[in-house]
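Here are my notes on the model you sent. Please read them with the structure open.

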Amino acid sequence: MDIESLAEFCSLVETHSFQETAARMNISQSALTKHIHKMEEELNITLFDRSQRSIRINEYSQRFYPHAKQILQIYSEATAFLHELNDQERISVTVAYNPIVGQYGLVDTLLGFSAKHPEYNLKPIESYHSLDLLKEKRCDFAFVGEGESEGSDFSRMIYKTDHLAVVVPENHPLASQDTVTLDALRQEHFILHSSHTDLPHDETKKFLSLCESQQFVPDVVGESQFSSTMLRYVRMGRGIAVLNRMHIPHDVSNVRILDIYPKVRSYIYLLYRRRIASHCAADFLHYIIDQCSAEG
């Protein structure tokens with residue numbers, strides 16, 4: 001028994017007329033008659049007492065009618081809910097990002113998209129597992145560092161380009177310079193960026209790789225997950241910090257920032273599935289592309 005036949009039965013109870021019900025349901029009278037006969041066969045009862053000119057509701061149809069109406073109401077509410085949910089998904093986009101990426105102006109970018117497209121629902125998620133969220137289809141886009149993007153099957157684009165720098169106290173002998181070579185840092189004590197996982201932080205990994213290429217073993221005197229803590233160590237004279245340039249606040253005081261020469265670049269990537277699921281997601285991707293083009 002299907003929903004359409006159930007609706008036809010209810011209409012027939014309400015109109016007492018095959019002709020009127022057929023017109024209301026936009027089917028032929030012969031098709032309506034076949035549907036009612038099939039329903040009666042499935043239920044193994046007679047729902048209507050028929051004469052040549054009219055039908056009469058019997059006890060079975062009278063008692064079955066309110067339950068049938070309730071089923072139709074539940075079905076209508078359920079399908080309406082699904083349609084509403086589908087509409088919400090079409091106008092929603094979920095963006096996951098590693099907390100470190102938040103230091104690359106991403107929050108302003110997300111707010112800018114929302115301001116330009118108030119018709120969409122943007123849901124940001126800050127997580128150390130943003131790539132996993134993308135794999136599990138719990139987000140539409142993921143902003144990640146280089147290490148997370150390696151070997152990924154997702155489409156990707158460069159969101160930001162950065163490079164390594166060192167932070168020294170303002171009274172440091174090198175403080176008057178804008179750039180510094182690794183060779184000039186051989187006698188220094190280093191504070192490096194630690195990771196929340198067992199794998200090295202991307203910045204630290206690149207710095208240690210650079211040191212290894214120049215047969216230099218750095219004297220690491222401290223590590224921290226937080227840039228603010230690293231900078232505090234620098235101001236206290238504990239050592240010099242190695243950070244990506246954009247990780248360093250613009251208003252930090254009592255220190256100097258020197259770019260490492262030659263530049264050691266790193267990248268923040270935007271990852272997304274190859275098939276864009278909605279107009280909202282497509283507009284978000286185009287917005288990011290436009291932002292990156294404007295900056296480049």
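1. Which residues does Gln29 touch, not counting residues up to four places away in sequence? They are Phe18, Gln19 and Ala22. Keep in mind that this is a predicted model.

2. Gln29 is found in helix α3, which covers residues 29–43. Its relative accessible area is 41%. The cut-offs are under 20% for buried and over 50% for exposed, so Gln29 counts as partly exposed. The C-alpha atoms of Gln29 and Arg273 are separated by 51 Å, with the two residues 244 apart along the chain.

3. The largest nonpolar core has 24 residues. Phe141, Phe143, Phe284 and Ile288 have the most contacts inside this core. At least two core residues come from each of β3 (92–97), α5 (106–116), β5 (141–145), β6 (155–169), β12 (265–272) and α10 (279–295). Helix α10 gives the most, with seven residues.

4. Take Phe284 next. Leaving aside neighbours within four places in sequence, Phe284 is in contact with Val93, Val95, Leu110, Phe113, Leu122, Phe141 and Phe143.

5. There is also a second, separate core, and this one has 19 residues. Leu164, Leu182, Phe190 and Leu192 are among them. In soluble globular proteins, nonpolar side chains tend to be buried together.

6. Last, the strand pairing. Strands β8 (residues 189–193) and β9 (residues 219–224) run parallel and pair over five bridges. His193 has Ser224 in β9 as its bridge partner. With helix α8 (residues 202–213), β8 and β9 make a β-α-β unit, and the unit is right-handed.

Definitions and conventions: Residues are numbered from 1 along each chain as its sequence is written. This is a predicted model: local features need pLDDT of at least 70, side-chain atom pairs count only at pLDDT 80 or more; totals for chains, interfaces and linings use all residues. Side-chain values use heavy atoms; hydrogens and water are left out. A nonpolar core is a set of buried Ala, Val, Leu, Ile, Met, Phe, Trp, Tyr and Cys residues joined through side-chain atoms within 4.5 Å. Buried means under 20% relative accessible area, exposed over 50%, partly exposed in between (1.4 Å probe, protein chains only). Helices (H or I, at least four residues) and strands (E, at least two) are DSSP runs, numbered from the N terminus. Contact means heavy atoms within 4.5 Å. Two strands pair if DSSP finds at least two bridges between them. A crossover is right-handed if, with the strands pointing away from the viewer, the path from the first strand over the helix to the second runs clockwise.
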